[in-house]
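Biologist: Please show me the chain. Then I will ask about its parts.

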Amino acid sequence: VGGSACAATAWVSETSITCALAPGTGAAGAVVVTVAGNRSTVQGGFSYDLPTVDAVSPGNDTLHGTAGGLLVTVSGSGFGTFDDGQVAVVDGLDCASPSPWVSDSSML
């Protein structure tokens with residue numbers, strides 16, 4: 001998918017397989033399936049919306065110092081439909097890893 005091998009695959013039926021995508025698999029990627037040496041490709045067969053950050057609360061005007069420990073809420077979209085080890089990064093530094101997931105539109 002998108003030039004990356006699946007982290008895991010499973011046969012479901014003669015017409016279906018599952019693929020666990022590796023982290024960082026790109027959007028709008030081609031899907032290539034190889035069975036007994038025969039390849040089939042679907043261009044643009046996979047896509048997803050990249051995560052978008054709309055707001056951070058509390059905002060910059062309330063943050064002081066670098067001691068850490070302040071809990072911020074990141075709001076936006078595309079954070080996933082379950083807790084899958086998402087990590088928020090502030091000024092190049094990882095927050096708690098993984099960052100606590102709340103919903104597709106919120107994480108702490």
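**Surface and strands**

Modeller: The protein chain exposes about 7800 Å², and carbon and sulfur atoms supply 56% of that area. Accessible areas come from the Shrake-Rupley method with a 1.4 Å probe; for residues, only the protein chains shown count as cover. This is a predicted model: local features need pLDDT of at least 70, side-chain atom pairs count only at pLDDT 80 or more, and totals for chains, interfaces and linings use all residues. Residues are numbered from 1 along each chain as its sequence is written, and side-chain values use heavy atoms, with hydrogens and water left out.

Biologist: How many helices and strands are in the protein chain?

Modeller: Both are DSSP runs, numbered from the N terminus: helices are H or I, at least four residues, and strands are E, at least two. The count is zero helices and ten strands.

Biologist: In what order do the four strands of the open sheet lie?

Modeller: Two strands pair if DSSP finds at least two bridges between them. Here the pairing is antiparallel, and the order is β5-β6-β10-β9. The edge strands, each pairing on one side only, are β5 (52–57) and β9 (101–103).

Biologist: Which residue in β10 stands opposite Ser-75?

Modeller: Two bridges join β6 (residues 73–77) to β10 (residues 106–107). Opposite Ser-75 stands Ser-106.

Biologist: Is Ala-36 buried or exposed?

Modeller: Ala-36 lies in the loop between β3 (29–35) and β4 (38–46). Buried means under 20% relative accessible area, exposed over 50%, partly exposed in between (1.4 Å probe, protein chains only). With a relative accessible area of 77%, Ala-36 is exposed.
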